[in-house]
Amino acid sequence: MTNLTTDIIETAKEVIEKEARAVQALTNYIDKEFETIVNLIYNSKGRVILTGIGKSAIIASKIVATLNSTGTAALFMHAADAIHGDLGMIQPEDVVICISKSGNTPEIKILVPLIKRRGNTLIAMVSNIESYLAKGADYILKTTIENEACPNNLAPTSSTTTQLVLGDALAVTLLKLKGFSKEDFAKLHPGGSLGKRLYTRVIDIIDKDSIPYVSPEETIQNTIINISANRLGATVVVDNDMSCVMGIITDGDVRRMLEKGIPIESLKASDIMSYNPKTIESSELAIKAFNLMEKNKITSVIVTDNSRYIGLIHIHDIIREGIV
């Protein structure tokens with residue numbers, strides 16, 4: 001059992017190390033031709049069509065998803081389906097990237113001349129640069145490897161990993177050229193916690209019907225009632241027209257006051273409030289409010305609109321929206 005466990009661990013480490021070396025070797029192939037390819041896609045008026053067969057087709061599909069989500073329009077076309085009708089999805093100004101380790105599979109050999117006949121630019125992402133695909137392409141993205149991580153040097157492992165990484169390099173380079181921002185990313189990823197982090201603002205989730213506040217002269221009894229009624233665990237001390245936030249009183253401040261045994265009849269809100277409370281503008285992202293709470297170990301932040309108090313955002317509001 002011990003030897004078997006050792007073999008499992010050693011095999012796993014060996015696979016990771018082999019694939020890491022293969023990925024590191026890709027830096028040797030990032031050259032002027034890579035730069036030309038990036039500029040070609042960036043300046044193209046068409047889309048990027050990615051195709052392949054077998055495991056390379058799976059990688060092509062993933063690269064398409066990455067390109068689309070980072071601002072470069074892309075489509076996946078399976079090489080086998082392409083020669084049975086799907087070739088019609090390629091438009092005149094599209095750039096085609098064909099992914100293959102060997103570059104010599106039967107489907108690829110049929111597909112290459114068909115693409116060239118249509119007049120589209122063909123880019124080969126290929127390990128074997130002496131292959132039919134490499135020789136028939138206009139440009140080459142090299143993914144040459146010494147061997148697969150598979151001990152039999154058969155199962156696509158290092159080869160598909162290098163394809164995936166080079167696809168990411170292509171997508172991110174194009175992203176930077178396009179000046180693709182967080183806001184652009186949010187427009188394409190509106191679902192899930194990731195999307196919500198990028199577009200949900202404080203004003204979108206605060207309870208506009210519950211705005212706890214008291215004047216600095218308010219009695220402690222009424223202050224406690226105000227905190228309880230709004231169920232946010234705090235109330236904000238403001239001046240008469242709510243244009244100036246003076247402080248905040250949390251249920252923790254009330255407990256600490258009671259622990260000191262000071263008669264509440266002799267106190268007013270300004271006596272127990274915390275000065276210089278944390279505030280955030282309503283236009284800021286809700287995730288920024290959450291980070292502010294985490295950093296200062298608090299559960300709510302005062303929300304302002306051009307410095308005017310408009311409500312409280314509580315950590316539960318953010319959690320309930322699925323932002324974190």
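Guide: The model is a predicted one. Strand S1 covers residues 48-52, and because five of its five residues are buried, the strand is largely enclosed by the rest of the structure.

Strand S1 has pairing partners on the sheet. With strand S2, residues 74-78, S1 pairs in the parallel sense over five bridges. Within that pairing, Leu-75 of S2 is the bridge partner of Ile-49. S1 also pairs with strand S3, residues 95-100, again in the parallel sense and over five bridges. There, Gly-52 has Ile-99 of S3 as its bridge partner.

These pairings belong to an open sheet of five strands, whose order is S2-S1-S3-S4-S5 and whose pairing is parallel. S2 and strand S5 (139-142) stand at the edges with a single partner strand each, so one side of each has no neighbour in the sheet. From one strand to the next, the twist averages 25°.

The packing of helices comes next. Helix H3 (residues 55-69) packs with H7 at an angle of about 20°, and their axes are 10 Å apart. An angle under 35 degrees counts as roughly parallel, and H3 and H7 are therefore roughly parallel to each other. Their crossing is right-handed. On the H3 side, the contact is made by Lys-55, Ser-56, Ile-59, Lys-62, Ile-63, Thr-66 and Leu-67, and on the H7 side by Thr-160, Gln-163, Leu-164, Gly-167, Asp-168, Ala-171 and Leu-174. Sorted by class, the contact of H3 with H7 has six nonpolar, five polar and three charged residues.

Helix H2 (residues 32-43) also packs with helix H7 (residues 158-178), at an angle of about 55° and with the axes 10 Å apart. That angle makes H2 oblique to H7. H2 passes H7 in a right-handed crossing. From H2, the contact involves Phe-34, Ile-37, Val-38, Asn-39, Ile-41 and Tyr-42; from H7, it involves Leu-166, Ala-169, Leu-170, Thr-173, Leu-174, Leu-177 and Lys-178. By class, the contact of H2 with H7 has ten nonpolar, two polar and one charged residues. Leu-174 of H7 is listed in the contact with H2 and also in the contact with H3.

Conventions. Residues numbered from 1 in each chain as written. Predicted model: local features only at pLDDT ≥ 70, side-chain atom pairs only at ≥ 80, totals over all residues. Heavy atoms only, no water. Axes fitted to C-alpha atoms, helices over the stretch in contact; angles between N-to-C directions. Helix = DSSP H or I, 4+ residues; strand = E, 2+ residues; numbered from the N terminus. Parallel < 35°, antiparallel > 145°, perpendicular 65-115°, else oblique. Left-handed = near helix turned anticlockwise from the far one by under 90°. Contact = heavy atoms within 4.5 Å. Nonpolar A, V, L, I, M, F, W, Y, C, P; charged D, E, K, R; others polar. Buried < 20%, exposed > 50% of the residue type's maximum accessible area, 1.4 Å probe, protein only. Pairing = 2+ DSSP bridges.
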